[in-house]
Every structure is written in C-alpha cells, then in structure tokens.
Amino acid sequence: MRLVFLGGSGAGKTTQAERLYKHFDIPNISTGEMLREGIADATDIGRHVESYVTKGELVPDEIMIEFIRLQLQRPEVNHGWVLEGYPRTAFQAEELDFLLDDLGQKLDWAIYLQIPEVEMVSRSLGRSLADDQPEIVQRRVELFYDRTIPILEYYDRRRRLLTINGDQSPDMVQQSILDLLSIPET
C-alpha cells in the first residue's frame with residue numbers, strides 16, 4: 001500500500017498517517033517531521049530549509065523532490081509507505097509520479113482530509129509546534145488554497161483521489177479511510 005496524505009494545516013494528516021502506517025505495518029515518511037528534526041539537529045538540509053519553514057513558506061520543489069527520492073530509495077519502503085506532507089504542489093505531484101515510475105513503484109491513493117478553513121486555523125494554533133504561530137498558520141492556509149488545491153484535480157483526473165471528511169473524530173476519520181480503501185478498483 002502506497003498512500004499520500006493531503007490536507008491543510010491541522011487537517012489531521014499526521015494523526016491519520018500514523019494510524020495507517022501502524023495498521024498496514026508500513027513505513028511512515030513525514031516530511032514535516034523530518035524537516036523539523038533536521039532544523040533542530042542543524043543538519044545540512046535543516047540549515048538549508050529553516051528560513052522557509054519558519055516563515056510558513058513551501059520548501060523549493062527541487063530540494064523536496066531530491067529529499068523524497070532519498071526517502072523512497074530506502075530498502076524498508078519497497079513494500080509500501082505512507083507519505084505525509086508531500087506533495088504540496090501539482091508540480092510536486094507530477095514529479096512524484098515520475099519518481100515512482102523511475103523506482104518501479106505506483107501510488108495507490110492520495111487521501112484528502114477536508115476540513116473548513118476556520119478549523120485549520122483553530123487546530124494549528126492549538127498545537128505546540130514552534131512554527132504554529134498565527135501569522136505562519138495564516139500563511140500556510142493561504143498557500144494551501146493557492147498551491148495545494150490543484151493537486152486534488154491532478155489526482156482526481158488519475159482516479160487516485162479519496163476525499164474524507166476530516167472534521168470528525170480521529171476514529172471516525174480512520175474508519176472512513178479504511179472503508180474507502182477496501183473498495184475494489186473499478
């Protein structure tokens with residue numbers, strides 16, 4: 001199973017990604033977590049992306065694509081993975097498809113956790129992450145609507161998009177995802 005999680009800030013991508021990678025016993029690739037760890041540990045990539053992350057901006061495509069390539073070449077991801085926090089633009093989604101073709105892998109589903117904008121802001125401000133300040137959260141919401149929404153069209157055209165109501169309890173969201181994943185492809 002190879003899954004991508006999409007949704008705005010605070011939509012529950014991390015929560016659901018963690019639940020599903022445990023459920024399917026496959027690796028979780030959380031770009032946000034890895035980038036934050038890189039910044040905290042002052043790694044090369046961390047120093048390079050810090051200015052983007054702290055302003056709520058998207059890390060440049062070429063950096064993220066190379067970062068994802070490295071993650072998807074690890075031996076433990078050969079039989080499946082959950083990718084959370086990437087892609088963030090339609091260009092990245094297309095590049096991910098090219099990369100997967102290159103690696104002999106195929107995306108099963110892009111799962112979009114849909115929540116209202118007010119809920120995105122409220123949930124994000126309720127977290128304790130250093131980059132969840134009001135102005136940064138608002139910038140991420142703006143970027144989501146500007147750059148991420150076209151990804152939904154991209155995956156919908158490829159019949160790889162599952163839209164889930166993310167404005168319910170985590171257990172209900174997980175059950176909705178599992179129910180949709182059990183639907184055989186037509």
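**Charged residues and the nonpolar core**

R147 is partly exposed, with a relative accessible area of 33%; this class lies between buried (under 20% relative accessible area) and exposed (over 50%), as computed with a 1.4 Å probe on protein chains only. The model is predicted, so local features need pLDDT of at least 70 and side-chain atom pairs count only at pLDDT 80 or more, whereas totals for chains, interfaces and linings use all residues. Residues are numbered from 1 along each chain as its sequence is written, and side-chain values use heavy atoms, with hydrogens and water left out.

R147 forms a salt bridge with D146, with 4.0 Å between the closest N and O atoms. A salt bridge is here a side-chain nitrogen of Lys or Arg within 4 Å of a carboxyl oxygen of Asp or Glu. D146 is exposed, at 55% relative accessible area. The structure holds nine salt bridges. Another of them joins E66 and R69, again with the closest N and O atoms 4.0 Å apart. These two residues are three positions apart in helix α4 (residues 61-72), and therefore separated by about one helical turn; helices are DSSP runs of H or I with at least four residues, strands are runs of E with at least two, and both are numbered from the N terminus. Both partners are partly exposed, E66 at 40% and R69 at 25% relative accessibility.

The side chains of D97 and R158 also meet in a salt bridge (4.0 Å, N to O). This pair links distant parts of the chain, 61 residues apart: D97 belongs to helix α5 (residues 90-103) and R158 to the loop between α7 and β5 (161-165). R158 is partly exposed, at 36% relative accessibility.

E84, in strand β3 (residues 81-84), is buried yet has no salt bridge. The nearest side chain of opposite charge is that of K13, 5.1 Å away, where Lys and Arg count as positive, Asp and Glu as negative, and His and the chain ends are not counted. The E84 side chain does make a polar contact with the side chain of S30 (2.9 Å).

The largest nonpolar core has 51 residues, such a core being a set of buried Ala, Val, Leu, Ile, Met, Phe, Trp, Tyr and Cys residues joined through side-chain atoms within 4.5 Å. Its largest share, seven residues, comes from helix α7 (residues 134-157). Among the residues with the most contacts inside this core are W81, L96 and Y155.

Definitions and conventions: Polar contact = N/O pair within 3.5 Å; in protein donor to acceptor, adjacent residues only side chain to side chain.
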